[in-house]
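Hello,

Here is the structure for you to look at. Notes on what was found in it follow below.

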Amino acid sequence: MSRPFILRNPSILIFLACLAAFTLAVTLMSEAFGADMISTSFVKTLGKTLCLCLVALAMDLVWGYCGILSLGHFAFFGLGGYMIGMWLMYARTEIIVASSMANAAIPPTDQEVVNAIGTQIFGVVGSSEFPPIWYFASSLPAQLLLVVLVPGLLALVFGWLAFRSRVTGVYLSILTQAMTLALSLYLFQNESGLRGNNGLSGLQNLPGVSASQAVVSIWFLWASALALGVGYVLCAWVVSGKFGSVIRGIRDDEARVRFLGYSVEGYKLFIFTFTAIIAAIAGALYYPQAGIINPGEVAPIASIYLAVWVAIGGRGRLYGAVIGAAVVSLVSTWFTGGQVPSINLGFYRIDWVDWWLVLLGLSFVLVTLFAPKGIGGLFDLVSGRFAPDRHGADYGPDKGSLMEEEGR
């Protein structure tokens with residue numbers, strides 16, 4: 001009788017144990033539980049970091065394992081944030097409007113309430129009517145479903161058109177970047193129905209919840225940790241077994257895999273759509289902690305950063321993607337938050353807020369040149385994970401053939 005999948009992969013158990021220990025430690029040291037050792041703002045930063053680790057997992061699966069360098073996965077991340085942000089903004093505004101109309105001499109009609117909500121939300125762009133895309137904004141279950149459906153359908157349609165045309169390599173990367181740029185430019189327009197450059201704000205306030213921000217931040221930390229844990233197990237399951245071997249084969253030699261009779265386009269379409277949905281779920285958890293989302297979050301540069309995180313952490317290693325996203329996110333917060341003191345050279349003053357992107361780019365270049373396995377490669381050395389030593393008899397006529405033990 002074969003053991004369960006997780007028990008056959010100790011690295012998954014180690015990751016889940018570390019994630020659980022981290023979440024418990026942050027919870028006990030937070031303001032919400034009285035220890036007051038970690039501020040609420042930093043708890044939110046840690047929660048957002050877990051969400052970035054989840055989208056990095058998606059990027060590693062599509063790029064590190066399947067070989068598709070997508071420069072558009074942060075677009076799916078942003079769409080997930082917009083879908084949940086629509087409900088958060090509508091429900092919060094509805095409570096405010098209902099409270100302001102509670103003492104009216106004549107009770108307002110349902111349409112008057114809707115009009116007042118529309119004025120509150122869209123007055124900043126000179127409108128008071130709800131666009132059609134807000135039709136389900138009053139329903140939390142519907143918007144949660146759209147978190148999955150909208151990015152998933154976009155990825156499905158885009159992937160089907162691209163993969164059936166057999167666009168690969170740098171040309172596919174350019175297409176994904178063009179898709180992201182087009183979406184970003186569309187969202188910047190007031191006619192998009194998502195408040196243009198103003199974006200959606202006030203998302204940190206959960207409608208109908210009287211708990212403090214300290215408590216809410218812990219709830220989101222738990223949700224982000226749970227999503228990361230489940231996402232890690234799912235991604236590990238996808239890359240294991242025959243399916244994982246096929247997508248690695250597509251990455252290494254797509255023509256040969258197609259020659260063997262596998263539907264390369266089908267595998268690539270599944271991975272592209274699956275990872276888009278993971279990215280969207282990560283975005284739906286990220287932006288309520290950030291409190292605001294605007295079209296700048298969907299800009300192509302964000303997807304490029306995502307690729308840099310995965311490269312620094314170690315492409316083709318799920319734990320490497322998590323490490324890369326966590327390290328870069330926290331170091332970025334440290335540098336851009338003004339916590340690193342400036343250096344005055346007399347003739348020039350180094351402000352690390354301005355130099356952070358230069359350091360990030362330099363780190364990417366150095367890792368690419370001198371440590372192509374990224375930070376995850378260091379863990380391989382420590383844990384002794386080297387290439388298997390083939391001791392069995394030859395599995396074929398050539399000396400380089402698979403050995404008997406490895407072929408089982």
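What volume does the second largest pocket have? The answer is about 500 Å³. A pocket here is an open set of points on a 1 Å grid over the protein atoms alone, where a 1.4 Å probe fits, with protein on both sides within 12 Å along at least five of seven lines; lining residues have an atom within 4 Å of a point. Grid points are joined across faces, edges and corners, and the volume is the space filled by probe spheres set on the points.

This is a predicted model: local features need pLDDT of at least 70 and side-chain atom pairs count only at pLDDT 80 or more, while totals for chains, interfaces and linings use all residues. Residues are numbered from 1 along each chain as its sequence is written, and side-chain values use heavy atoms, with hydrogens and water left out.

Back to the pocket. Helix α12 (318–336) is among those that supply at least two lining residues, as are α2 (40–65), α3 (73–100), α11 (300–313) and α13 (352–370). The largest share, five residues, is that of α12. Helices are DSSP runs of H or I with at least four residues, strands are runs of E with at least two, and both are numbered from the N terminus. By class, the lining has eleven nonpolar, seven polar and two charged residues (Ala, Val, Leu, Ile, Met, Phe, Trp, Tyr, Cys and Pro count as nonpolar, Asp, Glu, Lys and Arg as charged, the others, Gly among them, as polar).

On the cysteines: the structure holds zero disulfides, a disulfide being a pair of cysteine sulfur atoms within 2.5 Å. For Cys51, the nearest cysteine sulfur is that of Cys53, 9.0 Å away. Cys51 counts as buried at 1% relative accessibility, and Cys235 is buried at 0% (buried is under 20% relative accessible area, exposed over 50%, partly exposed in between, with a 1.4 Å probe and protein chains only).

Leu156 lies in helix α5 (residues 140–164) and is partly exposed, at 37%. Leaving aside residues up to four places away in sequence, Leu156 touches Leu269 and Thr273, where contact means heavy atoms within 4.5 Å.

For the protein chain overall, there are 15 helices and four strands, and 45% of the 408 residues count as buried.

Regards
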